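Dear colleague,

Here is the structure I said I would hand over. My notes on it follow.

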Amino acid sequence: MTRTARRTLRMAGAGAAALLALSACSSSDDTSPASDSSASGNASEKLSGTVTVFAAASLKESFTTLGKDFEKAHPGTKVTFSFGGSDSLAAGITGGAPTDVFAAASAKTMAVVTDAGDASGTPATFVRNELEIAALPGNPEKIGSLKDLTEPDLKVVLCDRTVPCGAAAQKALDAAGLKLTPVSYEQDVKSALTKVELKEADAAVVYKTDVKAAGDKVEGVEFPESADAVNDYPIVLLKDAPNPAAAKEFIAYVQSAEGQKVLTAAGFLNP
């Protein structure tokens with residue numbers, strides 16, 4: 001047999017072997033659908049790295065809990081938070097701060113990020129929040145309504161109008177036909193609440209969730225005009241997220257039944 005003939009036979013044999021191997025792989029894929037779900041499960045288990053979340057100050061307690069729960073469910077991940085006024089957080093994101101997820105306290109502040117083209121996809125409302133008056137423990141000033149806050153001798157604190165809690169408070173005041181000059185405007189809702197906790201103010205208009213989180217440090221006073229100023233809280237994955245895979249899973253967890261249970265326990269309303 002010539003060298004050329006031997007080479008031809010070897011090539012034919014190799015081709016047949018390759019075809020048999022390909023056929024075996026195809027047969028295995030067709031008869032083993034469980035292998036796909038296994039691969040998907042492995043992909044989920046392989047989530048790792050840090051998820052950086054910029055979130056409204058009013059989400060501090062509930063998101064801290066959700067972050068710890070997420071880390072337990074996905075060993076190898078770490079969720080870090082930056083809490084503050086939604087307007088400041090939005091400015092940081094549009095300014096290039098490396099962030100995976102943005103959770104804002106209003107659609108208006110979220111629009112700053114989406115209008116700048118920094119969001120990946122459409123923001124989704126995951127909770128809503130309502131205002132409440134935070135008074136001193138025992139309510140010594142006998143505050144019973146939003147109108148009571150206009151008393152000249154009362155020291156009242158509001159969030160700045162540029163942040164969601166301040167915009168909502170102004171909306172409630174407008175609905176009641178009231179004008180109020182606070183002793184200070186604060187940059188986020190936690191700062192406004194702290195003024196009352198430290199007894200530097202008699203009252204502040206904050207979120208119900210913040211009053212609940214403060215426990216016996218303040219006393220909550222509901223008022224009907226709060227129904228005219230309920231804030232939607234949107235959440236979104238950011239376009240240049242450093243860890244998009246884990247960030248998507250964190251957002252999914254926030255929106256899940258387990259995540260919603262934590263949020264409603266904190267006083268948030270369903271979306």
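What is the volume of the largest cavity? It is about 80 Å³.

Some ground rules before the rest. This is a predicted model, in which local features need pLDDT of at least 70 and side-chain atom pairs count only at pLDDT 80 or more, while totals for chains, interfaces and linings use all residues. Residues are numbered from 1 along each chain as its sequence is written, and side-chain values use heavy atoms, with hydrogens and water left out.

Overall make-up

The protein has 10 helices and 10 strands; helices (H or I, at least four residues) and strands (E, at least two) are DSSP runs, numbered from the N terminus. Of its 271 residues, 42% count as buried. Here buried means under 20% relative accessible area, exposed means over 50%, and partly exposed is in between, with a 1.4 Å probe and protein chains only. Among the contacts with a separation of 6 or more, 78% are between residues 24 or more positions apart, where contact means heavy atoms within 4.5 Å.

Cavity and pocket

Both terms come from a 1 Å grid over the protein atoms alone: a cavity is a set of points where a 1.4 Å probe fits but cannot get out, a pocket is an open set with protein on both sides within 12 Å along at least five of seven lines, and lining residues have an atom within 4 Å of a point. Grid points are joined across faces, edges and corners, and a volume is the space filled by probe spheres set on the points.

By this rule there is 1 cavity of 30 Å³ or more. The lining of the largest cavity consists of 13 residues, and A57, G85, A105, P164 and V189 lie nearest its centre. By class, this lining has 8 nonpolar, 4 polar and 1 charged residues. For the classes, Ala, Val, Leu, Ile, Met, Phe, Trp, Tyr, Cys and Pro count as nonpolar, Asp, Glu, Lys and Arg as charged, and the others, Gly among them, as polar.

The largest pocket has a volume of about 160 Å³. Its lining is made up of D87, S106, K108, T109, V112, R161, T162, V163, P164, A167 and N231. Two or more of these residues come from each of α5 (107–115) and α6 (164–176), and α5 gives the largest share, 3 residues. The classes in the pocket lining are 4 nonpolar, 4 polar and 3 charged.

Y207

Y207 lies in strand β8 and is buried, with a relative accessible area of 2%. Leaving aside neighbours within four places in sequence, Y207 is in contact with S58, A105, N129, E130, L131, E132, P164, C165, V189, N231 and Y233.

Helix packing

Axes are lines fitted to C-alpha atoms, for helices over the stretch in contact, and angles run from 0 to 180 degrees between N-to-C directions. Helix α4 (residues 86–94) packs on α5 at an angle of about 5°, with the axes 9 Å apart. That makes the two helices roughly parallel; angles under 35 degrees count as roughly parallel, over 145 as roughly antiparallel, 65 to 115 as roughly perpendicular and the rest as oblique. S86, D87, A90, I93 and T94 of α4 make the contact with T109, V112 and V113 of α5. These residues divide into 4 nonpolar, 3 polar and 1 charged.

For α9 and helix α10 (residues 257–265), the angle is about 60° and the axes are 4 Å apart, so α9 is oblique to α10. Here Y253, V254 and Q255 in α9 meet A257, E258, G259, Q260 and L263 in α10. By class, this contact has 4 nonpolar, 3 polar and 1 charged residues.

K248 is also found in α9 (residues 244–255) and counts as exposed at 52% relative accessibility. The C-alpha atoms of K248 and L237, 11 residues apart along the chain, are separated by 6.7 Å.

Backbone

Which residue has a positive phi of about 50° although it is not a glycine? That is N139, in the loop between β5 (131–135) and β6 (156–159). N139 is buried, with a relative accessible area of 10%. K199 has a positive phi of about 60° and is not a glycine either. K199 sits in the loop between α7 (189–197) and β8 (203–207) and is exposed, at 57% relative accessibility.

Regards
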